[in-house]
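Please read it alongside the sequence and the coordinates shown here.

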Protein chains: 2
Amino acid sequence: MRATVDPERACRLVNHGPTLLVSAAHEGRRTLMAAAWSMPVEFAPPRIAVVVDRKTFTRELIAASGTLALCVPCRAQADLVWTVGSVSGRDAARDGTDKFRRYGIGWFDGPTLGLPCVEGCVAWMEARVIAEPHTEDAYDTFFVEVVSAQADPRVFADGRWSFREDNADLHTLHHLGAGVFAVPSQTVAARALPARDA
Amino acid sequence: MRATVDPERACRLVNHGPTLLVSAAHEGRRTLMAAAWSMPVEFAPPRIAVVVDRKTFTRELIAASGTLALCVPCRAQADLVWTVGSVSGRDAARDGTDKFRRYGIGWFDGPTLGLPCVEGCVAWMEARVIAEPHTEDAYDTFFVEVVSAQADPRVFADGRWSFREDNADLHTLHHLGAGVFAVPSQTVAARALPARDA
């Protein structure tokens with residue numbers, strides 16, 4: 001299930017630090033990888049920073065196309081996330097295939113840029129790279145601007161995530177390391193503390 | 001409780017996207033703020049990117065000192081995190097106090113730089129800013145290198161987080177927005193998928 005998200009709410013999709021899938025395509029080639037390292041940097045315009053290692057095939061396709069898609073995977077996809085984060089898309093390309101076909105990963109074309117978005121995820125964004133050669137080179141860090149955003153309304157509606165017992169399979173993944181992911185299955189609502197010297 | 005963490009494991013402390021407390025001090029002034037937007041950018045040397053808005057008092061003290069501390073708060077501190085993220089340290093300074101005193105927040109001096117680290121958090125890092133004037137200006141993004149790291153061994157040991165029922169109050173916080181935090185109270189261990197064309 002997919003519903004359009006107001007781009008100015010797009011940063012809410014990644015505000016809580018989920019591990020993402022990054023996909024890219026260029027001239028008939030496509031791939032995807034896992035990315036634990038991303039963060040919003042601005043709500044409006046919606047801008048996100050994401051680390052994409054220079055050795056990856058995804059990086060090659062991002063550099064060639066100037067675009068990427070960010071998908072937010074869910075608990076039901078933990079094995080998929082770990083797998084695409086552990087194998088090289090360049091190996092798959094050398095064998096005349098890609099990670100989507102190799103692992104039976106469904107996709108749909110993103111609404112604005114036509115980038116491959118992963119079926120079964122709970123949110124999807126397409127983005128254009130803001131050229132920052134120095135940070136790309138020094139920190140493998142790309143700054144991107146979101147141009148389309150969608151989310152599964154069963155778990156993200158009215159601009160916010162709603163993690164409940166009845167949608168546990170749709171909760172986001174947060175990589176602790178070595179293939180173990182934390183899942184934000186509980187929430188707490190904070191209250192303002194009183195000032196002591198007020 | 002605090003135990004030293006190997007700096008090359010420091011990125012594991014924030015790999016899963018927790019909301020942080022950022023503290024800074026300069027010439028007798030000190031403050032802290034909440035920061036939902038951070039990410040590792042390199043394991044070794046341990047480097048992290050964090051967004052600090054240009055209007056904050058924390059930013060002023062970071063710019064003056066070239067250093068900051070990153071503390072990882074836990075579930076028991078949700079009200080504290082929300083509060084220090086909602087009020088201005090500049091207002092407190094104008095009243096001759098600071099957010100630590102105003103809200104009764106305990107601290108200890110960081111082991112390497114002496115920066116104020118928040119008591120009750122579950123991990124603490126001190127870091128030096130790597131000067132990147134362009135990204136600081138364009139994206140409020142600071143790249144920092146971690147010079148000391150500690151964690152509470154009840155919840156982080158042997159280089160990894162261990163979120164269990166018996167340490168629920170020590171689980172990290174992940175800001176969903178508007179003072180609601182997700183808590184990673186469950187974990188899943190992923191397995192590699194078989195290749196379909198292997």
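Strand β4 (residues 38–42) of chain A has 4 of its 5 residues buried, so it is largely enclosed by the rest of the structure; a residue counts as buried if 20 or more other C-beta atoms lie within 10 Å of its own, as exposed if 12 or fewer do, and as partly exposed in between, with the C-beta atoms placed from the backbone. Strands, here and below, are DSSP runs of E with at least two residues, helices are runs of H or I with at least four residues, and both are numbered from the N terminus. The model is a predicted one, in which local features need pLDDT of at least 70 and side-chain atom pairs count only at pLDDT 80 or more, while totals for chains, interfaces and linings use all residues. Residues are numbered from 1 along each chain as its sequence is written, and chains are lettered from A and ligands numbered from 1 in the order in which they are written.

A hairpin of 4 residues leads from β4(A) to β5(A), and the two strands, the latter spanning residues 47–51, run antiparallel and are joined by 4 bridges; strands are taken to pair if DSSP finds at least two bridges between them. Strand β5(A) is mostly covered, since DSSP assigns it 5 residues and 5 of these are buried. From β5(A), A:R47, A:A49 and A:V51 point one way, whereas A:I48 and A:V50 point the other way, and all are buried. Strand β5(A) also pairs with strand β10 (residues 141–151) of chain A, in the antiparallel sense and over 5 bridges.

| Residue | Bridge partner | Strand of the partner |
|---|---|---|
| A:S38 | A:V50 | β5(A) |
| A:R47 | A:E145 | β10(A) |
| A:V183 | B:Q186 | β15(B) |

**Chain A as a whole**

Chain A has 5 helices and 15 strands, and buried residues make up 52% of its 198 residues. A compact globule of 198 residues would have a radius of gyration near 16 Å, and chain A, with 17 Å, agrees with this; the radius is taken over C-alpha atoms, and the globule rule is 2.2 Å times the number of residues to the power 0.38. Along the principal axes, the C-alpha atoms of chain A fill a box of roughly 65 × 40 × 35 Å. Of the contacts in chain A with a separation of 6 or more, 65% are between residues 24 or more positions apart, a contact being two residues whose C-beta atoms, placed from the backbone, lie within 7 Å.

**The two copies and their contact**

Chain A can be laid on chain B with an RMSD of 0.0 Å by a turn of 180° and a shift of 0.0 Å along the axis, and the two copies are thus related as by a two-fold rotation axis. The superposition is by least squares on the C-alpha atoms of residues with pLDDT of at least 70 in both copies. The same surface serves both copies, as 100% of the contact residues of chain A recur in chain B.

The contact takes 57 residues from chain A and 57 residues from chain B. On the side of chain A that touches chain B, the largest share, 6 residues, comes from helix α2 (residues 78–84) of chain A. The residues of this side divide into 29 nonpolar, 17 polar and 11 charged, where Ala, Val, Leu, Ile, Met, Phe, Trp, Tyr, Cys and Pro count as nonpolar, Asp, Glu, Lys and Arg as charged, and the others, Gly among them, as polar.

Strand β14 (residues 180–183) of chain A and strand β15 (residues 186–189) of chain B run antiparallel and are joined by 4 bridges. They belong to an open sheet of 3 strands with the order β13(A)-β14(A)-β15(B) and antiparallel pairing. Strand β13 (174–177) of chain A and β15 of chain B stand at the edges, each with a single partner strand, so one side of each is left without a neighbour in the sheet.
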